[in-house]
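Subject: Structure handover

Hello,

Here is the structure we spoke about, for you to take over. The findings are below it.

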Amino acid sequence: MELGQKQQLITYLSQFVTLARWEKFLSVLQQRTRYITIVLEDIYQPHNASAVLRSCDSFGVQDVHIIENKNIFTITQGVTIGSDRWLTLYRYNQRDINNAEDCLNRLKNEGYTIAATTPYKQHITIKELSVNTKLALMFGSEINGLSEYAHNNADVLVKIPMVGFSESFNISVSAALCLYDVMSRLKKEHNNWELTETEKLDLELNWLRKSIKGGELIEKKFFRDVYYPHSALHYVAQKDI
């Protein structure tokens, strides 16, 4: 879809949501980023996994990459309270391949530094982790942690300092602590973390489509009566509208 066409469609669809929701979309988009992303590997605790998605939404992280080599990632709506609807989820669950390899190769090709969280191996602390390049923060299950492949192929290993008897935080707490730290520093130290205008438009349109009941028919009406009023599309059967 051409840029101008997309902008007109967004303007048209915006009249079918409340002003408060539309303003919320615009406000949230100004704080969204793809400079930081989250990678979840073989998470099987639905409550904690869903809490990570809620944290991503709260801190403005748009993309979450979900690796499902051994375990299926299950979303608990009561925990996410719908926040997962506004995120872009990438799932890696092909059979007979190493989905972690597929995910990490993709992120490295897109310029991300892979930071694997671990309480055990040689590491730097989260405060020492540079935000000078795009970051993919990687988390594993609470019992087994990240896979050996993830540890061996990460660019850096990261730990959250702890002073008690426990060896680690649960995954939802770990993700929230890491996101708070890196997002706070990122916004203070850099000005290139925001989405591009094209990315914002794409998300605006996506969120509008998710928010409007009967949106598909309303969008069809836009192209019939507004964008192509004199074309053959104008004569789409009335039963479809």
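I begin with one residue and its partner. R91 has a relative accessibility of 38% and therefore counts as partly exposed. Its side chain forms a salt bridge with that of E68, with an N to O distance of 3.0 Å. This pair links distant parts of the chain, since R91 sits in strand β3 (residues 88–92) and E68 in the loop between β2 and α4 (77–80), 23 residues apart. E68, with a relative accessible area of 9%, is buried.

Please keep in mind that this is a predicted model.

Overall

The protein chain has nine helices and seven strands. Its C-alpha trace spans about 70 × 40 × 35 Å along the principal axes. Of the 241 residues in the chain, 44% are buried. Among contacts between residues at least 6 apart in sequence, 80% join residues at least 24 apart.

Helix α8 and its two partners

Helix α1 (residues 3–14) packs on helix α8 (residues 197–211) at an angle of about 35°, and the axes are 10 Å apart. The crossing of α1 and α8 is left-handed. On the α1 side the contact is made by L3, K6, Q7, L9, I10, L13 and S14, and on the α8 side by L201, D202, E204, L205, L208 and R209. By class, the residues of this contact are seven nonpolar, two polar and four charged.

Helix α2 (residues 19–29) packs on α8 at an angle of about 145°, with 11 Å between the axes. Here the crossing is right-handed. From α2, the residues R21, W22, F25, L26, V28 and L29 meet K200, L203, E204, W207, L208 and S211 of α8. This contact has eight nonpolar residues, one polar residue and three charged residues.

Salt bridges

Side chains of opposite charge can pair when their charged atoms come close. How many salt bridges does a search of the whole structure find? The count is eleven. Besides the pair of R91 and E68, these are the ones I would list.

- K6 and D202: the closest N and O atoms of this salt bridge are 2.4 Å apart. K6 belongs to helix α1 and D202 to helix α8, so the bridge ties together parts that are 196 residues apart in sequence. K6 is buried, with a relative accessible area of 13%, whereas D202 is partly exposed at 35% relative accessibility.
- E197 and K200: the closest N and O atoms are 3.5 Å apart in this salt bridge. Because the two residues are three places apart in helix α8, about one helical turn separates E197 from K200. E197 is exposed, with a relative accessible area of 56%, while K200 is buried at 6%.
- R34, D63 and E199: these residues are linked in a network of salt bridges.

D63

D63, a member of the network with R34 and E199, is found in strand β2 (residues 63–67). Is D63 buried or exposed? Its relative accessible area is 5%, and since buried means under 20%, D63 counts as buried. The side chains of D63 and R34 are joined by a polar contact of 2.8 Å. Neighbours within four places in sequence left aside, the residues in contact with D63 are R34, T37, I38, T88 and Y90.

L195

L195 lies in the loop between α7 (171–189) and α8. With a relative accessible area of 5%, L195 is buried. Which residues does L195 touch, not counting those up to four places away in sequence? They are L29, R32, T33, R34, K200 and L203. The C-alpha atoms of L195 and V39 are separated by 19 Å, and the two residues are 156 residues apart along the chain.

Regards

Methods: Residues numbered from 1 in each chain as written. Heavy atoms only, no water. Axes fitted to C-alpha atoms, helices over the stretch in contact; angles between N-to-C directions. Helix = DSSP H or I, 4+ residues; strand = E, 2+ residues; numbered from the N terminus. Left-handed = near helix turned anticlockwise from the far one by under 90°. Contact = heavy atoms within 4.5 Å. Nonpolar A, V, L, I, M, F, W, Y, C, P; charged D, E, K, R; others polar. Buried < 20%, exposed > 50% of the residue type's maximum accessible area, 1.4 Å probe, protein only. Polar contact = N/O pair within 3.5 Å; in protein donor to acceptor, adjacent residues only side chain to side chain. Salt bridge = Lys/Arg side-chain N within 4 Å of Asp/Glu carboxyl O.
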